[in-house]
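Let's take a friendly walk through a protein model, going from its sheets to its cores. Have a look at the picture before reading on.

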Amino acid sequence: MNFVPTILLGLCLIAPPRDITAPGFKKVTHQVVVENPKEFEDWLVVAATHLGPSHVTVVEPGVPFSYSSKYGTVLYALPQGTAVPSSQDNRRVPRSEFEGFLSASPPVTHPSAVSSMSPVDRVLTTIRITNISNEGIELEALRTQEFDSDGESVGWLRIWAIPGGIVLLGIAGLVFLRRRRRRRKTTQG
Amino acid sequence: MIYLGTLFATVIAELLVAALLFKGRPPKDLWTVILCVNLCTHPVASFLLNGPWHGLGFWPIEWLVLLAEFAMYLWVTHLKTSRAAYLSLATNGCTVALSFLLP
């Protein structure tokens, strides 16, 4: 029996690699939508992923694009008229193709995996570009929405109403059992 | 339903482990206590895994569950401290192992 805490402690100290989903978790599809990429007329905003499957997308207002924290999706601002680097023959677009362009990581805070019990299947983060200058791109996260596999929005109540009720039931049961035990003790005493 | 299914599987696994630990002669009310303890800790652990404290990670949360269940066994049952600790360790050790095996 004494080996159980040792094993648990050992595992506790091992940080899981980024691409391994811990038991009880599932991956969710992550998307980002930019509200105002056309507000900055001198620039063309592009989202690119350099690791894993290659994605280069010209960002349109209100149109979601795939985001991956694992593969490092980055937003680039290219001066208008610049040819957008694109993949040929399904080959990955190297990061060097984007060298010298302004870039920023989307401010996405939602985890890439959620509890396997969660109805959440897709997460959409809406961001806004506050400034593009030679200093860089400034982004602001506006909201994060969660959707189930049918595309319905998932609210806080839907996620936690049943588990919350179960916790209350458990607490009530424990209090009842504790009281009954004390009553028995008093009767016997 | 997925949630209730995993809760049900956890309770059954912990009841079986407790039955083995007490060789089929558990203290009075132990089955009900195990059920109620899991009704309390399982959704909270799920919230910690899914909620804003996601960064806490799987193993620290498992440790918190283990300590919480140990405290609850001490509070509600007649078990000695060492027996309550063994019960919490054994039941949670088993369900942690199951969580890696089951989809």
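## What counts as touching

Two residues are in contact when heavy atoms lie within 4.5 Å. Keep in mind that this is a predicted model.

With that in hand, look at A:Ile132. Leaving out residues up to four places away in sequence, A:Ile132 touches A:Phe40, A:Trp43, A:Val45, A:Ala77, A:Leu102 and A:Ile137.

## The nonpolar cores

A:Ile132 is also among the residues with the most contacts inside the largest nonpolar core, together with A:Leu75, A:Ile129 and A:Ile137. This core has 19 residues. Strands E2, E3, E6 (73-79), E7, E9 (122-133) and E10 of chain A each supply at least two of its residues. A second, separate core has 16 residues, including B:Ala18, B:Cys40, B:Met72 and B:Tyr73.

In soluble globular proteins, nonpolar side chains tend to be buried together.

## An antiparallel sheet

In chain A, four strands form an open sheet in the order E4-E3-E6-E7, and their pairing is antiparallel. Strands E4 (55-58) and E7 (102-104) of chain A each have a single partner strand, so one side of each has no neighbour in the sheet. From one strand to the next, the twist averages 25°.

Strand E3 (residues 43-49) of chain A pairs with E4(A) over 4 bridges. Here A:Val46 has A:Val58 as its bridge partner.

## A mixed sheet

Another open sheet of 4 strands in chain A runs E5-E2-E9-E10, with mixed pairing. Its edge strands are E5 (65-66) and E10 (136-147) of chain A, each pairing on one side only.

Strand E2 (residues 29-34) of chain A meets E5(A) in the antiparallel sense, over 2 bridges. The bridge partner of A:Gln31 in E5(A) is A:Ser66.

Methods: Residues are numbered from 1 along each chain as its sequence is written. Chains are lettered from A and ligands numbered from 1 in the order in which they are written. This is a predicted model: local features need pLDDT of at least 70, side-chain atom pairs count only at pLDDT 80 or more; totals for chains, interfaces and linings use all residues. Side-chain values use heavy atoms; hydrogens and water are left out. Two strands pair if DSSP finds at least two bridges between them. Axes are lines fitted to C-alpha atoms, for helices over the stretch in contact, and angles run from 0 to 180 degrees between N-to-C directions. A nonpolar core is a set of buried Ala, Val, Leu, Ile, Met, Phe, Trp, Tyr and Cys residues joined through side-chain atoms within 4.5 Å. Buried means under 20% relative accessible area, exposed over 50%, partly exposed in between (1.4 Å probe, protein chains only).
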